[in-house]
Amino acid sequence: MKEKVIRRKRKKRLSAPDLITCIVFFALIISMPIITGVLPKKDFSEMENTYLQKMPEMSVKNIFKRKYMNDMEKYISDHFAGRVGWIKGRTVFETSLGKHERNGIYILKNRLAEKINEPDYASVDKNIEAINKFAEENDVPVFFLLVPTSAEIYADELPKNAPNVNQKEFISYVYGSLGKSVTAIDVYQTMLSNRDDYIYYRTDHHWTTKGAYLAYAAAGKKMGYTPEREGMFDVEHAGLDFIGTFYSKALYDGVEKDTLDFYHYVLGDGVTDVSVTKVYGEEPEHRDSMYFREYLDVKDKYSSFLGTNAPLVTIKTDGGGGKLLIIKDSYAHCYSTFLTGHYSEITLMDMRYINMSYKELIDPEEYDQVLFLYNASSFMSDTDIRKLAY
């Protein structure tokens, strides 16, 4: 009878690299919540251009409605140690797997571009009706400049079958719906034919100062001024390493950073005063230049053009010309740089920050011309411009 030989299985020991990995893993699990808890908390993430969740208030009502737990989860997520680095790493990983969209931003080879959803044409019609009513009620020449965005001009670079609104058709629809009192200024072909130039930022939703110049030159014939040659401007590369709104959403470092340019008219821009009204009824802030250079030292470098969005900005010059009212989005900020040689006074009005009748702020008939200036994406989603009908 053969003896059964019972062999004990030897326990497999972890190799040194595996042991180190386990130690590091468990150390991270234990330490990260502690680090997250003791690190100072910010209310605003400049890198992501967004406000962060505040510590939620504990109450029976909030706990019962699960609001406390949901807010606490968002709070931990927003303030997790190394959060931005983790997000960037995830974006790189997903891009390597072929996913080229994050938070509504397409990640292309040389730029970021906005995913634009199909507009609600019933809402757009209300905006157009408000513009038509404004033009009918005020005895002043009214112009409308609707600018295509980079997602349209570089549509051929978007991922295959990526949803993308045909902005050319949208702009044609808007212009076709304008009343006889509004003159359309079409710069679509101008932007498309210059697409190989640096006319849109790679990481931001705005056009560059070069792009704004092209539109200014094209608009001269309709608005009655003779545009200055581009060679009459000295270009200052004022803001280097600019990363804009698209970057804030995608947090992708694989696209070259932008350069923000100031165009200086060689004979002087003639600006004598720039007044910014942030709160109605309060004394406006006064400047002697259209360039607010302190913003060159922060992430939001585009705000060096006339500052952050405000209800009213008035630019006065020592030159001739009449008065111009611009009802706008932020595309108008660098665009207005080129108008100071043609108008003695330019007022920019942003309806997003006005919660009263515009008639309480300005009288359009005191101006020689009115210009509506919007990019196609913002006009699609805007609901504030219809306040002009109130």
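Strand β6 (residues 142-147) runs parallel to strand β15 (residues 369-375), and 6 bridges link the two. Leucine 145 sits opposite leucine 373 of β15. Strands here are DSSP runs of E with at least two residues, helices are runs of H or I with at least four, and both are numbered from the N terminus. Two strands count as paired if DSSP finds at least two bridges between them.

This is a predicted model, in which local features need pLDDT of at least 70, side-chain atom pairs count only at pLDDT 80 or more, and totals for chains, interfaces and linings use all residues. Residues are numbered from 1 along each chain as its sequence is written, and side-chain values use heavy atoms, with hydrogens and water left out.

**The sheet**

The open sheet has 8 strands in the order β7-β6-β15-β13-β14-β12-β10-β11, and its pairing is mixed. Its edge strands, β7 (182-185) and β11 (285-287), each pair on one side only. From one strand to the next, the twist averages 20°. Strands of a sheet pair through backbone hydrogen bonds, either parallel or antiparallel.

| Strand pair | Sense | Bridges |
|---|---|---|
| β6 and β15 | parallel | 6 bridges |
| β10 and β12 | antiparallel | 6 bridges |
| β12 and β14 | antiparallel | 5 bridges |

Strand β12 (residues 312-317) has 5 of its 6 residues buried, so the rest of the structure largely encloses it. Buried means under 20% relative accessible area, exposed over 50%, and partly exposed in between, with a 1.4 Å probe and protein chains only. Aspartate 273 has lysine 316 of β12 as its bridge partner. Leucine 312 is bridged to methionine 349 in β14.

**Helix α9 and the cores**

Helix α9 (residues 209-223) has 15 residues, which should span 21 Å at 1.5 Å a residue; its end C-alpha atoms are 20 Å apart, which agrees. The expected span is 1.5 Å times one less than the number of residues. Buried residues of α9 include Ala212, Tyr213, Leu214 and Ala215. Glycine 224 follows α9, with a positive phi near 90°.

The largest nonpolar core has 53 residues; Trp207, Tyr335, Leu371 and Leu373 touch the most other members. Helix α9 gives this core its largest share, 7 residues. A second, separate core of 37 residues includes Ala130, Val140, Tyr175 and Val370. Such a core is a set of buried Ala, Val, Leu, Ile, Met, Phe, Trp, Tyr and Cys residues joined through side-chain atoms within 4.5 Å.

Technical notes
Axes fitted to C-alpha atoms, helices over the stretch in contact; angles between N-to-C directions.
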